[in-house]
Amino acid sequence: MQQTRKTPTFNMKAVVRDTGIRPDTLRAWERRYDLPNPDRTEGGHRIYSQRDVDILKWLMARQEEGLIISHAVELFKRLESEGQDPIVVGGPGRRHEAPEARVAISSGGTIQQMRTAWLAACGAFDEAAAKRVLSEAFALFPPEQVCVEVLQKGLAMVGQGWYEGTTTVHQEHFASAMAMRRLEALLTGMPAASRPGKILVGCPPLEEHTFGPMLFTFLLRRRGWDVVYLGANIPIERLSLALDAVRPKLSVFLAQRLVSAANLFELAGYLAGQGAQLAFGGRIFVDAPALQSRIEGHYLGDELTGAIPIVERLLARQEPAPVAEPAPAEYEIALHYLEQRKPALDLAVAESLTAEGGSPSQFAVTGDFLTRSISAALRLGDLDLVAAELEWIGGLLGSREQGPSLLTTYLAAYHQALVATLDERGQPVINWFEAQAMQV
């Protein structure tokens with residue numbers, strides 16, 4: 001195949017007219033990436049060859065496909081180092097054909113393959129292979145896309161595998177640790193914020209899942225925002241220290257489970273009392289949409305990437321938060337009474353299970369999960385939220401071959417214990433059990 005001509009021919013004005021790239025951008029690419037590298041006239045003016053122009057058009061085509069310029073340059077140089085001519089392999093306006101460098105961003109095929117490869121490496125505890133996959137992914141795709149499509153969605157698949165019993169807890173921990181380390185490294189290397197106003201991001205009390213908040217921190221910082229990441233399990237009574245020190249324009253908290261959503265309910269009330277603006281989200285609000293109206297704050301939607309415009313809108317102008325629906329008064333009474341009677345309730349449950357020929361040790365997975373879920377639902381003002389938690393724990397028991405009968409046995413014992421230990425103050429819980437829980 002005939003080689004592209006390399007004879008210096010065009011001045012910068014002609015190249016700008018042909019490519020549409022601004023002069024300052026051309027100079028910046030040359031300075032930062034040494035690509036292209038035009039000759040100079042005796043007077044010091046740049047003079048470009050047709051090859052240089054084709055390189056610029058190749059880089060522009062990769063940007064249109066979704067690569068940021070640094071990754072496009074890295075791809076170009078890697079193809080050259082492998083003895084391939086990038087202009088010939090994949091000229092402007094069409095995909096290049098090198099197997100390891102196919103970029104099909106519109107269909108997501110390649111990024112999905114990389115996610116599959118990363119998951120396979122993590123499943124085999126092969127750290128070196130997992131790192132290689134991520135390095136290649138970050139070389140080919142924008143970092144936001146890799147973090148969401150490979151890391152976030154990959155961890156979701158690992159978590160689902162653990163729930164279904166097809167992935168071990170060790171594999172889940174290995175993948176999570178790999179993802180967290182890579183995300184922490186990305187955050188460490190980020191430049192200073194370029195936009196005014198600070199944002200707090202963290203987890204409410206008892207929420208230990210930090211990948212989502214850390215990823216959201218990364219996505220916001222990539223857009224130039226000044227984000228202070230607080231981490232997991234933030235005590236409400238100590239939050240005032242962060243508010244006083246940071247004085248954020250917006251606080252963002254993410255919850256994944258019902259218990260942490262109930263703590264977010266308390267945290268939202270505290271922030272409202274301080275005149276602080278709250279935005280919230282997390283998986284529990286996707287699984288149980290009714291919860292969205294129980295938090296005094298701005299719901300960020302079902303996807304982290306879609307939450308970015310909402311955050312930026314809230315930072316641009318203060319908006320009154322939707323008023324949360326209050327819990328019924330009898331729920332408040334039942335909540336405090338249930339907390340007082342918990343030791344007696346636990347003892348009655350154990351006695352009921354023993355009377356049925358079972359052993360409380362059989363229910364180690366269930367533990368006090370049900371009581372904590374009921375307390376959370378009472379705080380949030382909707383006992384029907386417990387049904388989803390029961391369905392979750394039932395699926396978990398089933399995946400461990402303990403079967404639905406184990407949950408049915410436990411619920412029967414729990415119901416008997418409720419009737420035996422609670423008076424009329426606990427009637428909302430008893431009534432709900434009789435109407436709903438016994439159908440599980």
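**Notebook: charged and aromatic pairs**

I looked up Arg181 to begin: its relative accessible area is 41%, so Arg181 is partly exposed (buried is under 20%, exposed over 50%, partly exposed in between; 1.4 Å probe, protein chains only). This is a predicted model, where local features need pLDDT of at least 70, side-chain atom pairs count only at pLDDT 80 or more, and totals for chains, interfaces and linings use all residues. Residues are numbered from 1 along each chain as its sequence is written, and side-chain values use heavy atoms, with hydrogens and water left out.

Next, salt bridges. I took a side-chain nitrogen of Lys or Arg within 4 Å of a carboxyl oxygen of Asp or Glu. The search of the whole structure gave 21. Arg181 bridges to Glu127, with the closest N and O atoms 3.5 Å apart. Arg181 sits in helix 9 (residues 169-188) and Glu127 in helix 7 (residues 127-140), 54 residues apart. Helices here are DSSP runs (H or I, at least four residues), numbered from the N terminus. Glu127 is partly exposed at 32%.

I then checked Glu144 and Arg222: their closest N and O atoms are 2.9 Å apart.

Then aromatic pairs. Rings of Phe, Tyr and Trp (its six-membered ring) pair if their centres lie within 6.5 Å; planes under 30 degrees apart are stacked, over 60 edge-to-face, the rest tilted. I found 8 pairs in the structure. Phe280 and Tyr299 have ring centres 5.6 Å apart and planes at 45°, so this pair is tilted. Phe280 is buried at 0% relative accessibility. Tyr414 and Phe433 have centres 5.5 Å apart and planes at 20°, so they are stacked. Ring pairs join Tyr410, Tyr414, Trp432 and Phe433 into a cluster.

Key: Helix = DSSP H or I, 4+ residues; strand = E, 2+ residues; numbered from the N terminus.
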